[in-house]
Amino acid sequence: MWKILLVEDEPFVRRSIRQAIPWEEHGFAIAGEAAHGREALEQLETLAPDIVISDIFMPYMDGIELLKAARSRGSEARFIMLTCAGEFEYARAALEYGATGYILKLSMEDAGLLGALGKAKAELEKLARQQELALSDRVGYLWRSMLGKELSGDEKEKLEELKQYDWGGDRPLIVTGLTGALPFDYDRCCTLLGVSPGQGRLVHSHVQMGLTTLFIRWTGSAPGLLKHNSRELPMICRTVSASTSTSASAGALERAWFENLRWLDRFYYERPTPDRAFEGGGALSAAVPWEMEQAVIRAFERNQPGECGELLRGLWDYLAQQALPMVLVKETAERLDKLFARISRKPPEDAGVLLNCRRHAALLEKLDWRMRRYAKGSRHRKPAETDHPEINAILDYLQQHYERDISLQAMAKYVSMDENYLSGLFKKKTGDTFINYLQKLRVDEAKFYLKETELTVAEIGERCGFANPSYFFKIFKRWTGLTPNEYRMA
């Protein structure tokens, strides 16, 4: 329903316009009236009308001044001007300032009024489609920002543009369901929540990691907070706070979305009763312990699937105890799955099977099963062997422990050799210096993490054995010609 503000200083004319047509049958509603431009300007702030029907000549502030003031305040309302015969110069001026059209008051007919309203409605619908497309293009950046991911300068700019999305007088609703692979759309959402679909319009549907989030433009009284506590399809509807209902800042959308996700985390961990572990926003900065994840990877590299499975179970127990957001857990599962495939030199299987898991225990079961299948008959990564056993031992050690603080001196002690002798022997047997070989190995690992995960550049540098981010940037660019961020975006 498109909201109209009627601005006219003559009560008789206002009454005539109100009675002219059956407004609601044509999709309109007169939301407010004003006797002059100054009063109308105040109502523009509170009502946020879609269309303003305004007289040109009025006391205190005329229609053209009202139009100019509305535009200066960012209002996108369509203006239809009312004028008398002989005032065409003023009507033309109104068109120059962005009015949709004008109507002669003395010869006003229903068809003419409906025609002007139809044109205004078409403009509003076109603007809404453009805005909704802009929102759809930027929701992915909002998702990544919410999870603490690194954004490029261009991505940050586009996320900032999201703040300019105009919800008009409608209220933004964010509905999130733990859907897994189940089909879920706007109509089913309304049915489960017990609300009328006619009161809202779907702006965008975001599907990620077994979660479906609907962004809805809601007309009229907003439903507030609604919950569907079904174990099969838990879902939650949250109205973005009233303080941001007209601008719906990216921060308000992000907070509402994150709170939805935290509520659904309880079902993922199979704790349907309220739990303090799922309250608050501190988990935005939470992280899966690298030491525990690394132990899982190392066990798989040693071709010990039984040990790997036990460590994986221990990691999953820890994640449940800490009640980390399920999206971080699923990211970890996807990352480990890709690493298992890479280490075993097998093609990775469909990640969707993991990401669509709706319970923590089920995700562990599937990941453990896939890990054991990767391990069966796998061709684990091994460094190219030389004809020298001590050099082979060093290469194997580097492959297993590249992330540690490793020096040529330490490796000399490891194989009981003189450091200077080992330096020459290593170059002779591998064709590369010790430090170059280690740097290339670390950069190769970093390439995998940059392309296959959403870990921050700093996290990747640390995981691959670089002392600090600046050193990581320097060495990575030396061997690839690109910075880590440039390589990730290429």
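**View A. The salt bridge between Glu33 and Arg14.** In this predicted model, the side chains of Glu33 and Arg14 meet in a salt bridge, with an N to O distance of 3.1 Å. Side chains of opposite charge can pair when their charged atoms come close. By the rule applied here, the count of salt bridges comes to 25.

**View B. Helix 2 packed with helix 3.** Helix 2 (residues 37-47) and helix 3 (residues 63-72) pack at an angle of about 25 degrees, and their axes are 9 Å apart. The two helices are therefore roughly parallel to each other, angles under 35 degrees being counted in that way. The crossing in which helix 2 passes helix 3 is right-handed. On the side of helix 2 the contact involves Gly37, Ala40, Leu41 and Leu44, which meet Leu66, Ala69 and Ala70 of helix 3. Sorted by class, this contact has six nonpolar residues, one polar residue and no charged residues.

**View C. Helix 9 packed with helix 10.** Helix 9 (residues 290-301) packs with helix 10 at an angle of about 165 degrees, and the axes of the two helices are 8 Å apart. Because of this angle, helix 9 is roughly antiparallel to helix 10, and the crossing of the pair is left-handed. Met292, Glu293, Ala295, Val296, Ala299 and Phe300 are the residues of helix 9 that meet helix 10, where their partners are Glu307, Cys308, Leu311, Leu312, Gly314, Leu315 and Tyr318. By class, the contact of helix 9 with helix 10 has ten nonpolar residues, one polar residue and two charged residues.

**View D. Helix 10 packed with helix 11.** Helix 10 (residues 305-322) and helix 11 (residues 326-344) pack at an angle of about 165 degrees, with 12 Å between their axes. This angle makes helix 10 roughly antiparallel to helix 11, and the crossing of helix 10 and helix 11 is right-handed. Helix 10 contributes Cys308, Leu312, Leu315, Trp316 and Leu319 to the contact, while helix 11 contributes Val329, Ala333, Leu336 and Phe340. By class, the contact of helix 10 with helix 11 has nine nonpolar residues, with no polar and no charged residues.

**View E. Confidence along the chain and the stretch 242-248.** The average pLDDT of the protein is 86, and 90% of the residues score at least 70. Over residues 242-248, however, the pLDDT is below 50, although in the model this stretch has 17 contacts beyond near neighbours in sequence.

How values were computed:
Residues numbered from 1 in each chain as written. Predicted model: local features only at pLDDT ≥ 70, side-chain atom pairs only at ≥ 80, totals over all residues. Heavy atoms only, no water. pLDDT = per-residue confidence, 0-100. Contact = heavy atoms within 4.5 Å. Axes fitted to C-alpha atoms, helices over the stretch in contact; angles between N-to-C directions. Helix = DSSP H or I, 4+ residues; strand = E, 2+ residues; numbered from the N terminus. Parallel < 35°, antiparallel > 145°, perpendicular 65-115°, else oblique. Left-handed = near helix turned anticlockwise from the far one by under 90°. Nonpolar A, V, L, I, M, F, W, Y, C, P; charged D, E, K, R; others polar. Salt bridge = Lys/Arg side-chain N within 4 Å of Asp/Glu carboxyl O.
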